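I opened this model to take some notes on it. The entries below follow the order in which I looked things up.

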Amino acid sequence: MGLSYMSHVAASAAEALPVPSRAAFAQPEDWPTQGGDVNAKIHSAAEFAPRGAVLARKRLVIALVLSAAMMAIYFGFMGLFAFDKPLLGTILAPGLSLCIVLGPLVIISSFLLCLVYALWANRVFDAGIRELGR
């Protein structure tokens with residue numbers, strides 16, 4: 001019963017599907033032989049490639065500098081934590097050690113570096129992208 005029922009359902013579903021006419025498909029003689037506007041857009045985009053490459057290089061440099069700064073801060077703190085615990089245990093005030101001060105500073109520095117990147121991107125990178133569009 002299962003096989004015959006499934007074949008009956010498949011046959012009735014196939015009958016319900018509309019069959020498109022041959023006129024619905026574009027004929028090969030209607031297809032454009034020249035690229036037309038597409039080639040013009042590619043050509044005009046090629047003019048901006050050097051300026052876009054300079055902008056991309058600037059973004060890469062700022063990203064690498066900020067990443068290196070964050071890595072130096074983080075791994076510097078972790079290095080102190082691993083190799084110089086007595087220094088981090090230095091009491092600055094009653095109940096306040098150097099580690100308690102430096103830990104949050106590592107987190108705050110990540111937010112500050114993100115802020116630096118966001119400000120740079122909004123002022124320099126976005127302006128450069130708008131300039132490329134003109």
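This is a predicted model: local features need pLDDT of at least 70, side-chain atom pairs count only at pLDDT 80 or more; totals for chains, interfaces and linings use all residues.

Tyrosine 74 has a relative accessible area of 38%, so I put it down as partly exposed. I then searched the whole structure for aromatic pairs and found 4. In one of them, the ring centres of tyrosine 74 and phenylalanine 75 lie 5.2 Å apart. Their planes stand at 75°, which is over the 60 degrees needed, so I noted this pair as edge-to-face. Phenylalanine 75 has a relative accessible area of 52%, and because the cut-off for exposed is over 50%, I listed it as exposed. I also noted one aromatic cluster, formed by Tyr117, Trp120 and Phe125.

Entry 2, the chain as a whole. How many helices and strands does the protein chain have? I counted 5 helices and 2 strands. Along the sequence I read the pattern α-α-α-α-β-β-α. The protein chain has 134 residues, and buried residues make up 12% of them. I also looked at contacts between residues at least 6 apart in sequence, and 62% of these join residues at least 24 apart.

I noted 35 residues in helix 3 and a reach of 49 Å from its first C-alpha to its last. That is close to the 51 Å expected at 1.5 Å a residue. Which residues of helix 3 are buried? I listed Leu55, Ile62, Leu66 and Phe77. Looking for what covers these buried residues, I found that the cover includes helix 4 (85-88) and helix 5.

By class, I recorded 21 nonpolar, 5 polar and 4 charged residues in the contact of helix 3 with helix 5.

I first picked serine 109, which lies in helix 5. Is serine 109 buried or exposed? Its relative accessibility is 12%, and because buried means under 20%, I marked serine 109 as buried. Setting aside neighbours within four places in sequence, I found serine 109 in contact with Met70 and Ile73. Next I looked up aspartate 126, also placed in helix 5. I noted a relative accessible area of 28% for aspartate 126, which makes it partly exposed. I then checked aspartate 126 against leucine 55, which is 71 residues away along the chain. The C-alpha atoms of aspartate 126 and leucine 55 are separated by 9.8 Å. Leucine 55 is one of the buried residues I had listed for helix 3.

I found serine 97 in strand 2, which covers residues 96-97. What is serine 97 in contact with, leaving aside its neighbours within four places in sequence? I wrote down Leu88, Gly89, Thr90, Ile91 and Leu92.

Notes:
Residues are numbered from 1 along each chain as its sequence is written. Side-chain values use heavy atoms; hydrogens and water are left out. Ala, Val, Leu, Ile, Met, Phe, Trp, Tyr, Cys and Pro count as nonpolar, Asp, Glu, Lys and Arg as charged, and the others, Gly among them, as polar. Helices (H or I, at least four residues) and strands (E, at least two) are DSSP runs, numbered from the N terminus. Buried means under 20% relative accessible area, exposed over 50%, partly exposed in between (1.4 Å probe, protein chains only). The expected span of a helix is 1.5 Å times one less than its number of residues. Contact means heavy atoms within 4.5 Å. Rings of Phe, Tyr and Trp (its six-membered ring) pair if their centres lie within 6.5 Å; planes under 30 degrees apart count as stacked, over 60 as edge-to-face and the rest as tilted.
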